[in-house]
Structure formats: C-alpha cells, structure tokens
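Please look over the sequence and the model below before reading on. The briefing that follows takes up charged pairs, then strands, then a pocket.

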Amino acid sequence: MTTTAAATAAPEAPTAVVSNLLELPGHTVEIVSDSGEGAQRCGQIFGTVSAKMGNGVWTVEIIPAEIQPPPRQPQSASGNRIRIGAGTVTNWGDAADLIVAFNEQALLQRVRLNALADDAIILLENMWATHDDPDIRKEWDEAMREISGRGFRLVPVPMEEQCLTVIDNPRKGKNMFALGMLACIYGRDLDLIRDQIAQQFRKKAESVLKTNLDLFQLGHQWAEENLDFRIKVAAPKAERAMVVMNGNQAIALGAIAAGMDLCAMYPITPATSASHYLGDVFEKFGGVVHQAEDEIAAAGVAIGASYAGKVAFTITSGPGLALKTEFIGLAVMTETPLVLVDVQRGGPSTGLPTKVEQSDLLAAIFGQPGDAPHVVLAPATIEECFHSMITARRIAEAFRCVVMVLSDANLATGVQPFPRPQLDTRWPAAAPDLSPVPEGTRPYEWDAQGLSRRFIPGQPGGMFIATGLSHDEASKVAYNPEEHQRGCMMRSRKLAALSQMLHPPKLHGDETGDLLVVGWGSTKGAIEEAVDRARAEGAAVSALHLRFLSPLEPGLKNIFSRFNAVMTVEINYSDELGQPHISEENRRRGQLAWLLRAATLVDVDCWTRVPGEPLRPAMIRQAILDKLRAR
C-alpha cells in the first residue's frame, strides 16, 4: 500500500470555476457499487454528517440478497440512498437527483428501477469504457446506449486512476474518494466527516485511518478542480439537541432505556444489527446478549429468563417469527411477559431477505395454534422505534402478556435525526413484587381485567407448576369445558382492558372528506407526503396511521364513517380487480384492509405494492387520485 502527500495538499492545483450553484429545499443522493466496495459506508457517513449539520435526513440501504453476489451485474448493486432537506425528511422520496456509480451495471439497475430523476447528475467511474476485457467494453457500450436519450448529465470520473495514487487496491478506497466528492459538492463540514471516518475506523490501525482520510481529501480535491456545480441545501440549526441513528440502533437503545436485562436472538437479516449494537454496549448497562443455537432456542431462553424474573426480549425477522410460534404460545398460556421484535422483510419462506415488506402483520397477530391473544404494535418512525420498546416492556409487565413490535427493513437500516430523548425514571416498568405471597393466593387469580399477580421462582409462598396445558387459576391442568372457556376468556380480556386505555388515532388532514388513507409502520412519511400533494391539488383526502394493530386503537368505525371511502396503503400483496380470475368475491386484499374490514364492517379498499423497496410518495399520490376518479 502506498500513500502520497499530494493526496492531502495541493495548494497550487487549478480549481474549477463554479458556474452553477443550486440552492434547493432538498436533494436526493445515491451511491452504488458492487458488494464489498463500501458504498453503504460512504452513504452512512454522508447521511449522518448531513443530519449533524442540521439537515433533515432519511436514508435507505440498497442491498443485494446475496452476501457476495457476482460483480458487475445489475442485480448486484449495493449502496445507499440519502434524501436530505432543509426541514424534516420523513421518507426516501421518489427519485435520486445525483448518483455516484462505481460501475455502469450498478447504474443500470437504478435506471431500470426508475430510481433516478429525469435530469439526474451521474458521476460514473470511467475505467470500464477502456477496459482490457472486450466483454466489459461491450457491456459498457450497451449500458450507455440504454441510458442515452434521457436527460441525465453524465460526468465521467477517473476514480480508479485517482485512488491508485494512494492505495494499491482501489476497491477498498473508492468509497472515501466518493465521500470526498460529495462533501465538496454539498459543502459538508469537513471536520465532522473526518471525525466520522475516525469513528468508523477506530478499531483499525492508524495507517488505515490515514489512508482513508487521504482518499477522502483526494476526492474532495478532485471535485474542487473538475466539477463546475455545487448544491446547497440549507441546514438550519436545531432548537433541541438531536441524535442520529437507524431503527435497529433505536430499538437497541430503547431496550436499554426500558431496563431490559437480556436479548436472546439468532442472527437473521435484517434484525441482526440490533443485537450487534447491543453486543457493543449492553454489558455497560448490566445487560446480556445471548446468541442461541436457533430461533426456537432464542425464544425459549427469553421466556425462561422472563419466568425467572428478568426482563427479556427476543428479536427476529419473518422466518424466525414462524419458528418461534410454539414458544410464543407457551408464553401466552403461562402469561409470561415477553417482548418480541420482528424486523419484517419480504417473504414467504426466505423471500427477499434484504428487502422491505409489511407482510408479517397477520402472521404476527394470528399465527398461533388455538386462541393466543397478545399485543402487536408498530413504530412508524425511527424515533418511535426507541419509544416502542419502552411501551412494549411496560405493557408486557403490566398485563403479563406477549408484546410484538413490528419494525421493518426500511426502519431497521434507515438513518434519521430526532430530538435527543430526555431520560425518564418512569420508563422502566416496576420491578417484580418479590414480597412473600399470601397463603392461598393462586398464580392465575384473575381479576375483572384478566390480570393476576405474577409469581417468581424462589419467592416465599410462590411455588407452583407452570404448564402450557389448559389450566385453572391454581395452574392445575384442567381439561373440563368450563375451565378452558374461562382461561381463554380471561387471557382475551386483557386486550379489551388495554384497548380501553388507548386513545383514538389522530388524523393527518381534515376530519371529513372523500377519502381516508390508512397505513401502519414505516410508510407513514410517504403516505402523508402523498396526501399533502393530493390535498394541494384540491383532493379531499386525509391520512390515518395506526400504531396498535392488536388490539386496534378505538374509534375507528366512527372515524371511517366521516369519509366517503377508506383505503389502506401497505407494502404487502393484494389482488387487483381487472386481473384474470379476480373478482370482488375472491379478491385477496391487503392485510391491514382485511383486518379493518373484519373489525369495523366498513368496506375498506386497499392499494398495495411489493417492490422490495419503500413506497414512493408519487406512487401513493397517483393511487389516491385514481381512487377518487373511480368513484
């Protein structure tokens, strides 16, 4: 590996005349490469620094399904999209305005997915145009023909050639060079970026950090000398202290804030990074991360720890949720508090392991043998990922029940700034009551709300036999009809009692109108932006976003009655009328629509898509207008 002083200082180098300074309210950037070239790290640093400077930010990772996919294939594109704004940014938007591509095949994938604005600026590695391999030159020519005729501004960039002045293997350095270009174009705070780079490489040798800083400086210098445009997105100073993190980090910190003791898990995308983060910091707060031999064991460890009086949770994704099914039923039957985080991805089976979907909803609520009532809630933002863990723990402890937190891949990997949480001593649930159990008290002595005192092993007077079999209030196996009916009734009643403590959801928009759009989870920002656009065009449309899916928040039927039509928007599959064999009678609807129709008896329609990426506001706006025109 070689380094060069020229990479860190070139005082007499010519500087391009900046003829085009664009001052914009927002801009969207993508960085794409082959897997292993670090485009995601580049995007993460750019997004994080932009947020620290005061910009609103929403990032989305572009991840191939394979760990090491073949290089220079469109489907192998790996990277990050970063939308930055002068105000709050709630979603990834519609299209990228600028893209840095390490090869033309990665670029081609984004073009084919209509991920770029018609006038997007493309900064493209140009080494492939003159590559020694004639097949690669042919691929380059074909790609250029495919993207020609569009309004893109293509800027060839000699990334390989430049990086070779610093390192022997440019695959390990182009990302920092690209970061330097972006820092120059967008006027990022260079000291903040250097600090962030130092943070990223804090566990590496000093020489590695220096090389990466040199590459960053080289990219900045190249852009200064060769690019004649700059982009300015105002970054107003925040009135409150802000933090920047992704959803999995927020869930991990929320677990710490909630006073949890144990995370039992088995690695599965896209949930794993939450346990990685906890692995770095949990021990400082007295917590333990336990990696079990499989998903079933992870659920068992969490339930066992909770039964023994610890506060435990398990984290997984769709296939793991399926494997945990039997143990979830045990937690329901024994009324053992348990928080389960499901970071949803595309399915079924192993499906789209790195792509977003919301299709675990009905599995999360109903995927159990027998009647197994439990709570399901879904954060809508990265900030809510943090607070949802506190809410989940408190409910699990107070109601002796299972609480599922439905996150998804969009929240898990997306980065967003939000106000620094002000620590509250009320966040942790009360410690278990370890005082001697009065003689004669039974472990399932349900009150009118279905609640009963929780016994902890070793507690004086608290000895009993826990069983997954149907049982009576004394935890004695009971197969008779009356006891089984009563047990089901009391476990179900807890959800009814909880629902009476919830408030009706608030509307985004007017209280009445022609159309109400209902969503849940990470689609909130895109839905509300689409609704705002439609309202600006005169449409009488409002939005409603649900956080509690089981039990549902109260007042929905009354709210629905104030609109001429109700339509859900979700990232899951539904049949569309007009397709062969599909009729109103046999149509399979979106999962939230199915749930709301059953709960309210309102004719709730749905618009869903499963593109393997977050929904775009423009797509939702068009669906809204189509729905209104069809009425």
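Is E473 buried or exposed? With a relative accessibility of 9%, E473 counts as buried, where buried means under 20% relative accessible area, exposed over 50% and partly exposed in between, using a 1.4 Å probe and protein chains only. This is a predicted model, in which local features need pLDDT of at least 70 and side-chain atom pairs count only at pLDDT 80 or more, while totals for chains, interfaces and linings use all residues. Residues are numbered from 1 along each chain as its sequence is written, and side-chain values use heavy atoms, with hydrogens and water left out.

**Salt bridges**

- The structure holds 35 salt bridges, a salt bridge being a side-chain nitrogen of Lys or Arg within 4 Å of a carboxyl oxygen of Asp or Glu.
- One of them joins E473 to R442, with the closest N and O atoms 3.1 Å apart. Both residues lie in the loop between β16 (415–419) and α16 (481–499), so the pair ties together parts that are 31 residues apart in sequence. Helices (H or I, at least four residues) and strands (E, at least two) are DSSP runs, numbered from the N terminus.
- R442, the partner of E473, is partly exposed, with a relative accessible area of 35%.
- D214 and K210 meet through their side chains in a salt bridge of 2.9 Å, N to O, and both lie in helix α7 (residues 206–226), where they are 4 residues apart, about one turn of the helix. D214 is buried at a relative accessible area of 3%, whereas K210 is partly exposed at 42%.
- In helix α17 (residues 524–536), E529 and R533 are likewise 4 residues apart, about one turn of the helix, and their salt bridge brings the closest N and O atoms to 2.6 Å. E529 is buried, with a relative accessible area of 18%, and R533 counts as partly exposed at 26%.

**Strands and sheet**

- An open sheet is formed by 7 strands in the order β11-β10-β12-β13-β15-β14-β20, with mixed pairing; two strands pair if DSSP finds at least two bridges between them. Its edge strands, β11 (288–291) and β20 (548–550), each pair on one side only.
- Within this sheet, strand β13 (residues 338–344) runs parallel to strand β15 (residues 402–408), and 7 bridges join the two. V343 stands opposite S407 in β15.
- Strand β18 (residues 513–520) is largely enclosed by the rest of the structure, because 7 of its 8 residues are buried.
- β18 pairs in the parallel sense with β21 over 5 bridges, and with strand β19 (residues 541–546), also in the parallel sense, over 6 bridges.

**Second largest pocket**

- The second largest pocket holds about 510 Å³ of space. On a 1 Å grid over the protein atoms alone, a pocket is an open set of points where a 1.4 Å probe fits, with protein on both sides within 12 Å along at least five of seven lines, and lining residues have an atom within 4 Å of a point.
- Of the 27 residues that line this pocket, M567, R587, D605, C606 and K627 are the closest to its centre. The elements that give two or more residues to the lining are β21 (563–570), β22 (605–608) and α20 (617–630).

Note on methods:
Grid points are joined across faces, edges and corners, and a volume is the space filled by probe spheres set on the points.
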